[in-house]
Amino acid sequence: MNSGKFEIRSGVTAKKLSGETVILDVESGNYFGLNAVGSRIWELIEEGNDVAVICETILGEYKVEADVAQRDVRQLVDDLKSRGLIEATRY
Amino acid sequence: MIVSKSVDKIYVVNEVREQKELDFKPFHTWKSSDETIWIAFYRASDGILLRFPGLSDFLVSVTGKSVEAHPVPGTGKGTLEHLYHNQVLPLAISAQGKLSLHAACVATPFGAVGFLAKSGQGKSTLTTSFAAHGFPFLTDDSLILEKRHDGFYALPGHPSIRLWEDSEEKVMPETAISTREVDYTSKARVAAAGVLPQATAPARLVRIYVLGEDDEIRITRLGPGSAVAALVAQSFQLDVEDATALTFQFHALAGLCEVLDVFQLDYPRQYGRLDDVRNAVLDHLASERKSE
């Protein structure tokens, strides 16, 4: 399980389209898509928020139970990290 | 030395020569369905060398603004022209920062419509069907786009359509004159002049249909992720290791998806159903236009 701050890895670029986010990992050539909630989490990561703040923000913006928000945010962060799209902030 | 009279004016044919084995490896290859190399991409000191084994080398400058061909002895003019227009030019254009897609395109009263698909999926047959019913075609294989203030414009391509013999018999007007000038395939190249209408000016692209393989006629909207992925998969890119170019292309394709809709068009590959497919597309264009 991840906590702390993450940043978008170098060589990864993204574009928001119609509420969804399309991500390109230039190095591997792989593409990924995020739905509306995933897009918001991506945005919050880009802004430099730590996981706890991201969970609080999602909880405030969507009708969702606290434990569900935390689980979903952490799952997505884990997934993005395992795919090499984000990495722990080094400072 | 022969300088092509084609509109791009960047193509020069140099001396015929054998393809000597290079002492460095290609950084990228395109393979045919039988896994043989179709194009090998080599990094040269003055650009990128595209080698079509047994046919020709093409040296494309880094900027994509000049192309030198060195055909192998025995490669016909028709083959060289085909390789240039359908493979090399779209790759060179990509290095100029323009989008080039593996797609056909026809002009309709609603605007230009692209049909995106890999080879052998029916782009040329569908395009011919539209053109034979009065909708001018812009290209049957390589769609080059130019961004303008009010959208993306499709540029007219080579004034011919390449068809397999059975498609030629079923969908081409009887007055068409075909030639088989391309050495590596039995596909005929059918000159369009006087037979099929071709758009001679750029036309604003309003819709892209990705050709699907289901047997029912069905049109389905693609979400942004699927749309961008489909466009990327059928985009030409000269240097697949150039991160800047790939990032630029990705954002340009995403920008394309922002200004037009991308749908998947499934239909049976039956000549007898082409009228239905064409009408389904035209009805869809009309209905979607009304709902906008």
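These are my notebook entries on a predicted model.

**Entry 1: the sheet in chain A**

I began with the strands of chain A. I found an open sheet of 3 strands, in the order E2-E3-E4, with antiparallel pairing. Which strands sit at the edges? They are strand E2 (12-17) and strand E4 (30-34) of chain A, and each pairs on one side only. I also looked up the twist, which averages 20° from one strand to the next.

**Entry 2: the E3-E4 pair**

Next I took strand E3 of chain A, residues 20-25. I counted how it joins E4(A): the two pair in the antiparallel sense over 5 bridges. Then I checked who faces whom. A:Thr21 stands opposite A:Leu34 in E4(A). A:Val22 stands opposite A:Gly33 in E4(A).

I then asked which helix of chain B lies across E2, E3 and E4 of chain A. It is helix H4 of chain B, residues 224-233. I noted its direction too: H4 of chain B runs at about 35° to E3(A).

**Entry 3: two helices in chain A**

I moved on to helix H1 (residues 36-46) and helix H3 (residues 66-82) of chain A. Two packed helices are described by the angle between their axes and the distance between the axes. Here the angle is about 70°, and the axes are 11 Å apart. An angle of 65 to 115 degrees counts as roughly perpendicular, so H1(A) and H3(A) are roughly perpendicular to each other. I looked up the hand of the crossing as well, and it is right-handed.

Which residues make the contact? From H1(A) I listed A:Gly38, A:Ile41, A:Trp42 and A:Ile45. From H3(A) I listed A:Val73, A:Leu76, A:Val77 and A:Leu80.

**Entry 4: chain B as a whole**

I turned to chain B and its totals. Chain B holds 6 helices and 18 strands. Of its 292 residues, 54% are buried. I also checked contacts in chain B between residues at least 6 apart in sequence. Among these, 66% join residues at least 24 apart.

I picked B:Ser56, which is found in strand E6 (residues 56-60) of chain B. Is B:Ser56 buried or exposed? Its relative accessible area is 0%, and buried means under 20%, so B:Ser56 is buried. Leaving aside neighbours within four places in sequence, I found B:Ser56 in contact with several residues, including B:Gln19, B:Leu50, B:His70, B:Pro71 and B:Leu83.

Then I picked B:Asn86, which lies in helix H1 (residues 77-95) of chain B. B:Asn86 is buried because its relative accessible area is 11%. Not counting residues up to four places away in sequence, B:Asn86 touches B:Asp141, B:Ser142 and B:Phe236.

**Entry 5: cysteines**

Last, I searched for disulfides. How many disulfides are there over all chains? The count comes to 0. I followed up on B:Cys105, which is in no disulfide. The nearest cysteine sulfur is that of B:Cys257, 15 Å away. B:Cys105 is buried, with a relative accessible area of 0%. I looked up A:Cys55 too: A:Cys55 is buried, with a relative accessible area of 4%.

How values were computed: Residues are numbered from 1 along each chain as its sequence is written. Chains are lettered from A and ligands numbered from 1 in the order in which they are written. This is a predicted model: local features need pLDDT of at least 70, side-chain atom pairs count only at pLDDT 80 or more; totals for chains, interfaces and linings use all residues. Side-chain values use heavy atoms; hydrogens and water are left out. Two strands pair if DSSP finds at least two bridges between them. Helices (H or I, at least four residues) and strands (E, at least two) are DSSP runs, numbered from the N terminus. Axes are lines fitted to C-alpha atoms, for helices over the stretch in contact, and angles run from 0 to 180 degrees between N-to-C directions. Contact means heavy atoms within 4.5 Å. A disulfide is a pair of cysteine sulfur atoms within 2.5 Å. Buried means under 20% relative accessible area, exposed over 50%, partly exposed in between (1.4 Å probe, protein chains only). Angles under 35 degrees count as roughly parallel, over 145 as roughly antiparallel, 65 to 115 as roughly perpendicular and the rest as oblique. A crossing is left-handed if the near helix is turned anticlockwise from the far one by less than a right angle, and right-handed if clockwise.
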